[in-house]
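Let's take a guided walk through a protein model together. Keep the sequence and the 3D view side by side as you read.

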Amino acid sequence: MSVLPLVFTSGWASGINAYAVVLLLGLFGATGLSDDVPETLQRPEVLIVAGVLFLCEAVADKIPYVDSVWDSVHTVVRPVAGAWVGALLAGHSGSVNDVVAGLVGGSTALASHTVKAGTRMAINTSPEPFSNIVTSLAEDLGVAGIVTFAMFHPLAAAIIAAVLLATGLTVLVFLVSRIRRFWRRRAQRREERRLSAQAAPPPG
């Protein structure tokens, strides 16, 4: 069977949390639960680095505005990770060309990353921090659940990932106007504070 469904699903998940994907796949392979995981992902140093970075993301992802900064830094990291994992999976199975798998994994990761980053910007327009925590936990659980499901039912998992991606992109279109209004209001308030500071009389 083609490895493309697993590549697509891992790409979608990488766009949300690349470190969780690498860690989960590596653990599945290292524990012998799956024979579809390349040895590169099972190496102890890879698992350790992925685990440490996953913990860093677990913290940063739940703090308002810090999560958006983290997302901006990972605009390159997540698609590259999705392409790397996809190429490794293809090379291990031999059923799909590595370049094709890399393109599928990378482009899917970029699309899901765009949804995540845009959604977080919209959530950050709310002053309370609880929505960030709830959303982050839902993303972590969703990635873990879909990747685990994909190891045993890759085609069904890919269909679920595709539906989630399409839904996320649709929602993001409606959130764009909210994000723009928020940044315009913020820029206006900053300008008002600057003008009021300039107009304030100097201290006696």
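**A walk through the helices**

At 5% relative accessibility, Thr108 counts as buried, where buried means under 20% relative accessible area, exposed means over 50%, and partly exposed lies in between (1.4 Å probe, protein chains only). Thr108 sits in helix H5. Leaving aside residues up to four places away in sequence, Thr108 touches Phe8, Gly11, Trp12 and Leu165; a contact here means heavy atoms within 4.5 Å.

Before going further, a word on what you are looking at. This is a predicted model, in which local features need pLDDT of at least 70 and side-chain atom pairs count only at pLDDT 80 or more, while totals for chains, interfaces and linings use all residues. Residues are numbered from 1 along each chain as its sequence is written, and side-chain values use heavy atoms, with hydrogens and water left out.

Now step back to the whole protein. Its secondary structure comes to 7 helices and 0 strands, with helices (H or I, at least four residues) and strands (E, at least two) taken as DSSP runs and numbered from the N terminus. Along the sequence this gives the pattern α-α-α-α-α-α-α. Of the 204 residues, 43% count as buried. Among contacts between residues at least 6 apart in sequence, 74% join residues at least 24 apart. For one example of sequence and space, find Pro154 and Val3: they are 151 residues apart in sequence and 8.1 Å apart in space, C-alpha to C-alpha. Pro154 belongs to helix H7 and is partly exposed, at 22% relative accessibility.

Next, look for charged partners. The structure holds 10 salt bridges, each being a side-chain nitrogen of Lys or Arg within 4 Å of a carboxyl oxygen of Asp or Glu. In one of them, Lys116 pairs with Glu57, and the closest N and O atoms are 3.5 Å apart. Because Lys116 lies in helix H5 (residues 98–123) and Glu57 in helix H3 (residues 44–60), this pair ties together parts that are 59 residues apart in sequence. Are these two partners buried or exposed? Lys116 is buried at 4% relative accessibility, and Glu57 is buried at 0%.

Arg120 is buried, with a relative accessible area of 0%; Asp61 is buried at 1%, and Asp67 at 0%.

Arg178, Arg180, Arg181, Arg184 and Arg185 form a positive surface patch. Patches are made of residues with over 30% relative accessible area and no salt bridge, with like charges joined within 9 Å and nonpolar side chains (Val, Leu, Ile, Met, Phe, Trp, Tyr) within 5 Å. Lys and Arg count as positive and Asp and Glu as negative, while His and the chain ends are not counted; the place of a charge is NZ of Lys, CZ of Arg, CG of Asp or CD of Glu. One of the patch members, Arg180, lies in helix H7 (residues 154–199) and is exposed, at 56% relative accessibility.

Note on methods:
Accessible areas come from the Shrake-Rupley method with a 1.4 Å probe; for residues, only the protein chains shown count as cover.
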